[in-house]
Amino acid sequence: MKREYAVYATEKTKELLAIDSPTGFTASAAAWVKEAFSSLGFETTLTQKGGVLVDLGGEGEGLLLEAHADTLGAMVAEVKGNGRLRLTNLGGLRAENTETENVRVYTRDGKVIEGTLQLCNASVHVNNAFADTKRTFDSTEVVLDEDTASAEETRALGIEVGDMVCFDPRTRVTASGYIKSRFLDDKLSVGILLSFAKWLRDTETKPPYHLWVHVTVYEEVGHGGSASVPQGVTEAISVDMGCVGDGVQCTEKQVSICAKDSGGPYSYEVVGKLIEAAKREGADYAVDVYPSYGSDVEATLRAGCDIRHGLIGAGVYASHGYERSHIDGVWNTLKVLKGYVK
């Protein structure tokens with residue numbers, strides 16, 4: 001697997017990161033994903049839930065690779081009397097991680113209105129309790145970049161309860177190869193699967209599986225992979241982030257192979273095959289256990305599918321915050337995928 005495919009994956013990830021797609025607001029991202037795989041020559045289908053199913057071809061038992069294009073985000077829960085917005089989170093978004101971030105509010109009539117999430121009474125010089133206030137979505141608010149000081153004036157802009165609020169990803173790729181952005185979970189993996197599909201096409205590889213990709217759009221709320229499993233699939237692998245932090249081995253430059261998470265152990269057979277694939281391809285990998293993690297493939301199992309399951313992903317630091325990975329982690333993940341299908 002040439003390093004150029006990791007570069008391609010990173011470039012595609014940057015494109016997808018520029019499209020706002022919190023859970024429940026993913027149509028534009030799904031359209032981009034569908035077109036990206038179609039342009040490589042693969043048959044794509046938009047599922048009823050709004051995800052993208054891709055047929056990568058091949059013969060034999062079905063192998064499904066799952067990643068998700070939905071991200072954390074928020075929704076307007078209240079238009080406050082002062083014209084500002086109280087939010088409710090979508091997925092595991094935390095106020096502590098998003099205070100002072102720029103946001104875009106998407107109204108039902110197609111407007112996009114900018115603002116910033118701030119602590120209520122955010123000026124340190126007039127708020128002596130600034131440092132001691134617990135950050136929640138009740139103690140923070142969106143300050144709109146519009147002349148509004150009442151609920152009536154904000155509603156006149158077209159903003160209403162239920163409107164989607166998207167956080168600026170702040171994507172950067174450094175000269176040293178680090179990839180920094182919100183929502184690398186899991187748009188980085190979508191980029192990886194696109195690059196893997198490109199490698200299959202470029203090399204005319206015919207794997208001993210019938211390969212499928214499902215880019216889901218409800219993973220962050222737990223049911224992304226619970227439907228649209230093609231007939232004949234016997235194994236499914238989530239390609240999601242590998243967590244980096246205290247108590248785990250994975251680094252941002254490695255690929256993580258998950259043995260167990262909060263949903264229990266992954267298939268011992270599949271984990272073993274993933275480890276062997278990493279060794280064969282010379283991938284820098286780590287095997288880890290994640291205490292607070294769930295994946296698309298576990299939703300597939302809970303839906304009643306009789307499959308074997310696994311989870312891999314490029315190492316990502318500061319998960320659900322301002323995340324960081326590295327192009328080497330992308331490359332190592334691609335190596336494992338190559339080794340697994342060969």
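Is G313 buried or exposed? G313 is buried, at a relative accessible area of 0%. By buried I mean under 20% relative accessible area; exposed is over 50%, and partly exposed lies in between, with a 1.4 Å probe and protein chains only.

A word on the source. This is a predicted model, in which local features need pLDDT of at least 70 and side-chain atom pairs count only at pLDDT 80 or more, while totals for chains, interfaces and linings use all residues. Residues are numbered from 1 along each chain as its sequence is written, and side-chain values use heavy atoms, with hydrogens and water left out.

Back to G313. G313 sits in strand β18, residues 308–317. Strands here are DSSP runs of E with at least two residues, helices are runs of H or I with at least four, and both are numbered from the N terminus. From G313 to M241 is 72 residues in sequence, but 4.4 Å in space, C-alpha to C-alpha. Setting aside residues up to four places away in sequence, G313 touches D240, M241, G242, Q254, V255, S256 and T333. Contact means heavy atoms within 4.5 Å.

Helix α4 (residues 184–203) packs on helix α7 (residues 327–341) at about 50 degrees, with the axes 10 Å apart. That angle makes α4 oblique to α7. The axes are lines fitted to C-alpha atoms, for helices over the stretch in contact, and angles run from 0 to 180 degrees between N-to-C directions. Under 35 degrees counts as roughly parallel, over 145 as roughly antiparallel, 65 to 115 as roughly perpendicular, and the rest as oblique. The crossing of α4 and α7 is right-handed, meaning that the near helix is turned clockwise from the far one by less than a right angle.

On the α4 side the contact uses L188, I192, L193, S195, F196 and W199; on the α7 side, V330, T333, L334, L337, K338 and V341. By class, the residues of this contact are nine nonpolar, two polar and one charged. Nonpolar covers Ala, Val, Leu, Ile, Met, Phe, Trp, Tyr, Cys and Pro, charged covers Asp, Glu, Lys and Arg, and the others, Gly among them, are polar.

Next, the core. The largest nonpolar core has 96 residues, and F37, L85, L87, F167, F196 and I312 touch the most other members. Such a core is a set of buried Ala, Val, Leu, Ile, Met, Phe, Trp, Tyr and Cys residues joined through side-chain atoms within 4.5 Å. Helix α4 gives the most to this core, with 10 residues.

E66 lies in strand β3, residues 62–68, and counts as buried at 1% relative accessibility. Beyond four places in sequence, the contacts of E66 include L193, H214 and D296. E101, in the loop between β5 (85–90) and β6 (102–106), is also buried, at 7%. Among the residues E101 touches, outside four places in sequence, are F167, D168, R170 and R182.

Finally, the backbone. R170 is not a glycine, yet has a positive phi of about 55 degrees. R170 is in the loop between β9 (164–167) and β10 (172–173) and is partly exposed at 37%. F183 also has a positive phi, near 70 degrees, in the loop between β11 (178–181) and α4; F183 is buried, at 8% relative accessibility. A cis peptide bond joins D185 and D186, with omega about 10 degrees, and D186 is in α4.
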